[in-house]
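Here is a friendly note to read with the model open beside you. Take the points one at a time, and find each residue on screen as you go.

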Amino acid sequence: MTPTEQTAHAPHGPTPSQGHSHGHGHGHGHSHSHGPATPVSAHLRKVIAAVLIPFAAAVVTGLIVLWPGGAPPHQHTGVGLDQQTEAGRVVKLEEFTCPRSGGQPPQQQAPPGAPPADQGPCQKATIEVASGQDKGKTFTEIVQPSASRRYDVGQKVVLAYAPKAPENLRYSVTDVDRKLPVALLACIFAAAVVLVGRLRGIFALVALVISFGVLTLFILPAILQGSNPLLVAVVGGSAIMLIALYMCHGLTARTSVAVLGTLLSLLVIGLLGSLFIEWAHLTGNTDDQTGLVHGLYPQIEIRGLLLAGIIIGSLGVLDDVTVTQTSAVWELKEADPTANWRKLYGSAMRIGRDHIASVVNTLVLAYAGASLPLLLLFSIADSGVGTVATSEIVAEEIVRTLVGSIGLVASVPVTTLLAALVVSADRQPAGTGRAGTGRARGRGGRRRRAK
């Protein structure tokens, strides 16, 4: 073999230094952009941009058109969350034995051997108003022994304020002030995310703040203003998706494929949710909070609000599934540059099936946990399983869970197929692509060996 042939043949088997350079390049690309070591071709970037730029423009247009000009004013009813509130503080506690109340019908008396409901250590709490025009005034509140909430001296509380009531009945304790523990827990969460995720963790927190801003500044006010809840949820959810995914995972082709997969899955969820909510005659008005909102804002379409909740609730889990599947396809292509789209799809789907099992289980348990008191009530009801499952209050949760789960299941093959087609169709310029370069070198090496 001549020196020239030795020089030409050497690249076919990379030297240790070349292998080290490749590994370093891959690690650098993963830590900063979560993309492949070699960028996709300009042709592929143009194709992806041709799909996503009109979609992003439509989302921005929707935000502008539907942006609320301010929720319509209403009179405070003093009921539920619509109460006016002030801050308060427990300044004194006294315990005494509650007097027995007479005149109880026999059927309402306690069982034999149990203490009467109105006997035991009652609390007389002296509460000081800590804000508002009556700051410094005090009032008393009796806490019955059967009450689930007990007070401590110095404890901060939330007071319901009824300005039109008699002076001695204007204030009552409605809740406990939980600002400090909630704020501390949020700080611990943020510190953990930054400590483990570092720069990515910071980006994730910023995306979380922006997502919460879209929810509170656009989605909720627009629904209160009377805009179609489904349309508002689609536009707002799409904006959250674009901001969160690109901010957390970088402006790459890999992220763009995850965005497309998420969008198609949300479309499936929207269509199925609309169909089955209509078919099952679900009204969405199954609890006191929904009834209160509808009473204050009659222009809100409650059924659309139910569908909007399904879409927004599924969005966070969808992001996780689509990003994971897209990353799996890219890494499989990195490991085997000669693999075609069918091989990539089959390998990534084996990963996706495990993901489906865990994510669907997580979603079902999350909905079950949120509805646990409701499930307990029906577990002691004298009704069959079929009767309970088809009652509106339970059927609503079943439809919500199953529609979201179907969307999650569909997102795995859809996103995997998109990623496999995109990464296999990448047209790298001659001599720059990993797969193309490897094949060229392989052919060159075979020719030289044949000679």
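1. Let us begin at a helix end. N228 caps the N-terminal end of α5, with a side-chain oxygen 2.9 Å from the backbone nitrogen of L230. After α5 comes G250, whose phi is positive, near 90°.

2. Before going further, a word on what you are looking at. This is a predicted model, in which local features need pLDDT of at least 70 and side-chain atom pairs count only at pLDDT 80 or more, while totals for chains, interfaces and linings use all residues. Residues are numbered from 1 along each chain as its sequence is written, and side-chain values use heavy atoms, leaving out hydrogens and water.

3. Now the overall picture. The chain holds 13 helices and five strands; helices (H or I, at least four residues) and strands (E, at least two) are DSSP runs, numbered from the N terminus. Of the 451 residues in the chain, 33% are buried. Here buried means under 20% relative accessible area, exposed means over 50%, and partly exposed lies in between (1.4 Å probe, protein chains only). Among contacts between residues at least 6 apart in sequence, 72% join residues at least 24 apart; a contact means heavy atoms within 4.5 Å.

4. Back to α5: how far does α5 reach? From its first C-alpha to its last, this helix of 21 residues reaches 29 Å, close to the 30 Å expected at 1.5 Å a residue. The expected span is 1.5 Å times one less than the number of residues. Because 15 of its 21 residues are buried, α5 is largely enclosed by the rest of the structure.

5. Compare that with α8, which has 34 residues and reaches 50 Å from first C-alpha to last, close to the 50 Å expected. Where does α8 bend? Look at L315, where the bend is about 35°. That bend is the angle between axes fitted to the seven residues ending there and the seven starting there.

6. Next, the largest nonpolar core, which has 57 residues; L52, F218, I219, V232, V259, I277 and W330 touch the most other members. A nonpolar core is a set of buried Ala, Val, Leu, Ile, Met, Phe, Trp, Tyr and Cys residues joined through side-chain atoms within 4.5 Å. The elements giving two or more residues to this core include α3 (42-66), α4 (179-224), α5 (229-249) and α8 (302-335). The largest share, eleven residues, comes from α8.

7. Leaving out residues up to four places away in sequence, V259 touches L52, M241, L242, L245 and Y246.

8. The strands deserve a slow look. β1 (residues 84-97) and β4 (residues 156-161) run antiparallel and are joined by six bridges; two strands pair if DSSP finds at least two bridges between them. Across this pairing, E86 stands opposite L159 in β4. β4 also pairs with β5 (residues 171-176) in the antiparallel sense over five bridges, and A160 stands opposite S172 in β5.

9. The other pairings are antiparallel too: β1 with β2 over nine bridges, and β2 with β3 over six bridges. To find these on screen, look for T97 opposite P121 in β2 and T126 opposite T140 in β3.

10. Is D134 buried or exposed? D134 sits in the loop between β2 (121-129) and β3 (138-143), and its relative accessible area is 7%, so D134 is buried. Not counting residues up to four places away in sequence, D134 touches V129, Y161, R170 and Y171.

11. For contrast, visit V153, in the loop between β3 and β4. V153 is exposed, with a relative accessible area of 57%. Beyond residues up to four places away in sequence, V153 touches V90, V91, K92 and L93.

How values were computed:
A polar contact is a pair of N or O atoms within 3.5 Å; within protein, one must be able to donate a hydrogen and the other to accept it, and residues adjacent in sequence count only if both atoms are side-chain atoms.
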